[in-house]
Amino acid sequence: MGRPRLIILVRHGESESNCDKSINQYVPNHKIPLTPGGCEQARAAGKRLRDILLPNENVLIYTSPYRRTRETTQEILSQLDGVECRVYEEPRLREQDFGNFQQDEANMAKIWKERARYGHFFYRIPNGESAADVYDRCAGFNETLFRQFSSDKFAKVLVLVTHGLMTRVFLMKWYRWTVERFESLRNVNYCEFVTMELQESGKYLLKNKMRTWADPPLTQSAGSNSGNKKLEEKQDQIRKMFEEVQDDSLTTLSPSVSLMESGLSYAGDSKDALIPIESIDSDSLMDGDYTSAVLDDEGEAAENGICLMRPPKTSNYTKSNGP
C-alpha cells in the first residue's frame with residue numbers, strides 16, 4: 001500500500017467575501033479572489049508545509065477549482081522550490097453550493113436562521129446544496145483516494161486545498177463522526193493545517209483538537225483586521241442562532257445524546273460509569289478508517305459525548321488532468 005505519511009487539509013486564505021458578504025450578490029462564488037492578507041496567509045502555509053517535509057519527500061496536491069483555493073495553492077507552491085509536487089484540480093472538493101448569486105442581506109439572514117433551526121447538515125440552501133449533499137460527493141472522492149493508495153508510488157504527503165465546510169465533512173466521513181458531532185464543530189482558520197498522520201496500524205491519527213461552539217471564537221494572526229472582525233461577528237450571529245434553537249433540538253435528540261448534552265458520558269465497560277466529558281481524551285476516539293467496524297452503542301455514546309456542546313450558558317509545479 002502506498003498510503004501517504006501525512007494527509008493535510010488546508011482551508012483557503014482570507015477571501016474578499018470573507019470581508020464583505022455583499023460581494024456574493026454580484027460576483028460568482030467560484031470567482032472570488034483572496035485578499036492581500038489571504039495571499040500572505042497562503043505563503044505562510046507554504047513555508048509551514050516545507051518545514052514539515054522530510055528529505056526527498058514528494059507532495060501531491062488536490063485543490064478545489066474555485067479561484068480562492070487555486071490562488072492559495074499557487075502561493076503555497078511559491079514556497080516549495082525544489083520540492084517534487086504534482087497538482088490536480090478536483091471539483092468534488094469545491095465549496096458548498098449556496099444557490100448561485102446570493103440574495104440581499106435581509107433575505108440571507110432569514111435563510112441562515114432557518115438553517116440553524118432545521119440543522120446545518122440536512123438543510124439545503126435554496127437552489128443549492130446541503131452539507132449532506134457535500135458529504136455524498138466527498139464520499140466519492142474518498143473512494144478515489146483509497147483506490148490510489150494501492151499504488152506504491154503514491155506521494156508521501158497529500159495536501160487537500162479546500163474550504164471550511166468541506167474540511168469538516170471530509171473528517172466526518174473519514175472518522176465516521178455523527179451528524180451531531182459535525183454540527184458542533186466550528187469552522188477552521190484560514191490556511192490552518194488539519195493534519196492526519198499515518199500510524200503503524202495503517203490508520204490515521206487526527207493531530208488537531210477540533211474547535212466546537214463551546215470554545216472561544218477564532219482569532220487570526222494574519223490577514224486584515226477588518227476581515228477578522230467580520231468573521232467574529234458572523235460567528236457571534238451563528239452562536240445566537242444556535243442558542244435560539246438549542247432548547248427545541250434537545251427534545252428531538254435520542255436519549256443517549258440528551259445524556260451527553262448534560263455533560264456526562266458512558267466510559268469503560270459499565271453503563272453505570274458516568275464521567276465528565278472533559279476527562280475523556282478525544283484524540284483516542286479520532287483514529288479510524290473506512291475498514292473499521294461500526295461503533296457499538298457505548299462507543300457511539302462516547303463519540304457523541306466528546307463532540308456535543310453543553311446547553312448554552314446565559315515547488316516543482318506540474319498541472320495535469322489526472323493522476
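## A salt-bridge network

Arg94, Glu129 and Arg137 are tied together in a network of salt bridges. Keep in mind that this is a predicted model. Searching the whole structure turns up ten salt bridges.

Take glutamate 57 and arginine 5: they form a salt bridge, with the closest N and O atoms 2.7 Å apart. They sit 52 residues apart, with glutamate 57 in the loop between helix H2 (36–52) and strand E2 (59–63) and arginine 5 in the segment before strand E1 (6–11). Glutamate 57 is buried at 9% relative accessible area, while arginine 5 is partly exposed at 23%.

Arginine 43 and glutamate 75 make another salt bridge, and here the closest N and O atoms are 3.3 Å apart. This pair joins helix H2 to helix H3 (residues 67–77), across 32 residues of chain. Arginine 43 is partly exposed, at 32% relative accessibility, and glutamate 75 comes out buried at 19%.

## A pair within one helix

Arginine 67 and glutamate 71 also form a salt bridge, 2.7 Å from N to O. Both are in helix H3, and because they are four residues apart, about one helical turn separates them. Arginine 67 is partly exposed at 41% relative accessibility; so is glutamate 71, at 22%.

## H5 against H6

Helix H5 (residues 131–148) packs with helix H6 (residues 164–175) at about 60°, the axes being 9 Å apart. The crossing is right-handed. Residues making the contact include Arg137 and Phe141 of H5 and Phe170 and Trp174 of H6. By class, that's 14 nonpolar, one polar and two charged residues.

How values were computed:
Residues are numbered from 1 along each chain as its sequence is written. This is a predicted model: local features need pLDDT of at least 70, side-chain atom pairs count only at pLDDT 80 or more; totals for chains, interfaces and linings use all residues. Side-chain values use heavy atoms; hydrogens and water are left out. Axes are lines fitted to C-alpha atoms, for helices over the stretch in contact, and angles run from 0 to 180 degrees between N-to-C directions. Helices (H or I, at least four residues) and strands (E, at least two) are DSSP runs, numbered from the N terminus. A crossing is left-handed if the near helix is turned anticlockwise from the far one by less than a right angle, and right-handed if clockwise. Contact means heavy atoms within 4.5 Å. Ala, Val, Leu, Ile, Met, Phe, Trp, Tyr, Cys and Pro count as nonpolar, Asp, Glu, Lys and Arg as charged, and the others, Gly among them, as polar. A salt bridge is a side-chain nitrogen of Lys or Arg within 4 Å of a carboxyl oxygen of Asp or Glu. Buried means under 20% relative accessible area, exposed over 50%, partly exposed in between (1.4 Å probe, protein chains only).
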